[in-house]
Amino acid sequence: MKKMIDVEGAKVIFASSYGYFDPHVLEMARKYPKIQFMHCGGPWKKGDPENICSYFGYIDECQYLSGVVAAT
């Protein structure tokens with residue numbers, strides 16, 4: 001993440017590895033407050049840096065789309 005920000009100029013980081021939210025993403029978010037961090041399934045809670053958000057796709061949505069594709 002550091003290289004992506006410092007060298008490549010990233011403004012948004014999608015960190016998706018399970019188990020890396022705490023401490024890795026939290027540390028980077030504190031170090032780089034102007035960068036937006038998005039973590040798949042990260043357990044954001046009150047008191048964590050404001051430049052982190054978490055997201056998660058519900059499995060039933062993917063199953064629905066797979067069914068639509070299979071039916072066509």
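Figure 1. Take the contacts (heavy atoms within 4.5 Å) between residues at least 6 apart in sequence: 34% of them join residues at least 24 apart. This is a predicted model: local features need pLDDT of at least 70, side-chain atom pairs count only at pLDDT 80 or more, and totals for chains, interfaces and linings use all residues. Residues are numbered from 1 along each chain as its sequence is written, and side-chain values use heavy atoms, with hydrogens and water left out. The protein has 3 helices and 3 strands. These are DSSP runs numbered from the N terminus: H or I of at least four residues for helices, E of at least two for strands. Along the sequence the pattern reads α-β-α-β-β-α. The radius of gyration, taken over C-alpha atoms, is 16 Å, well over the 11 Å that the globule rule gives for 72 residues, so the protein is more spread out than a compact globule. That rule is 2.2 Å times the number of residues to the power 0.38. Along the principal axes, the C-alpha atoms fill a box of roughly 50 × 30 × 20 Å.

Figure 2. Of the 72 residues, 25% are buried. Buried means under 20% relative accessible area, exposed over 50%, and partly exposed in between (1.4 Å probe, protein chains only). Helix α3 (residues 59–71) is hardly covered: the count of buried residues among its 13 is 0. At 1.5 Å a residue, α3 should span 18 Å, and its end C-alpha atoms are 19 Å apart, which agrees. The expected span is 1.5 Å times one less than the number of residues.

**Figure 3. The largest nonpolar core.** This core has 13 residues. A nonpolar core is a set of buried Ala, Val, Leu, Ile, Met, Phe, Trp, Tyr and Cys residues joined through side-chain atoms within 4.5 Å. Ile5, Ile13, Val25, Tyr32, Ile35, Phe37 and Ile52 have the most contacts inside it. Both β1 and α2 (21–31) supply at least two residues each. The largest share, 5 residues, comes from α2. Leaving aside neighbours within four places in sequence, Phe37 touches Met1, Ile5, Ile13, Val25, Met28, Ala29, Tyr32, Asn51, Ile52 and Cys53.

**Figure 4. The aromatic pair Phe14–Tyr55****.** The structure holds 1 aromatic pair. Phe14 lies in strand β1 (residues 12–15) and Tyr55 in strand β3 (residues 52–55), so the pair ties together parts that are 41 residues apart in sequence. Rings of Phe, Tyr and Trp (its six-membered ring) pair if their centres lie within 6.5 Å; planes under 30 degrees apart count as stacked, over 60 as edge-to-face and the rest as tilted. Phe14 is exposed at 55% relative accessible area. Tyr55 is partly exposed at 33%.

**Figure 5. Asp48 and Glu50 in the loop between β2 and β3****.** Asp48 is buried, with a relative accessible area of 7%. Beyond its neighbours within four places in sequence, Asp48 contacts Phe21, Leu26, Arg30 and Pro43. Glu50 is exposed, at 67%. The C-alpha atoms of Glu50 and Arg30 are separated by 9.1 Å, and the two residues are 20 apart along the chain.
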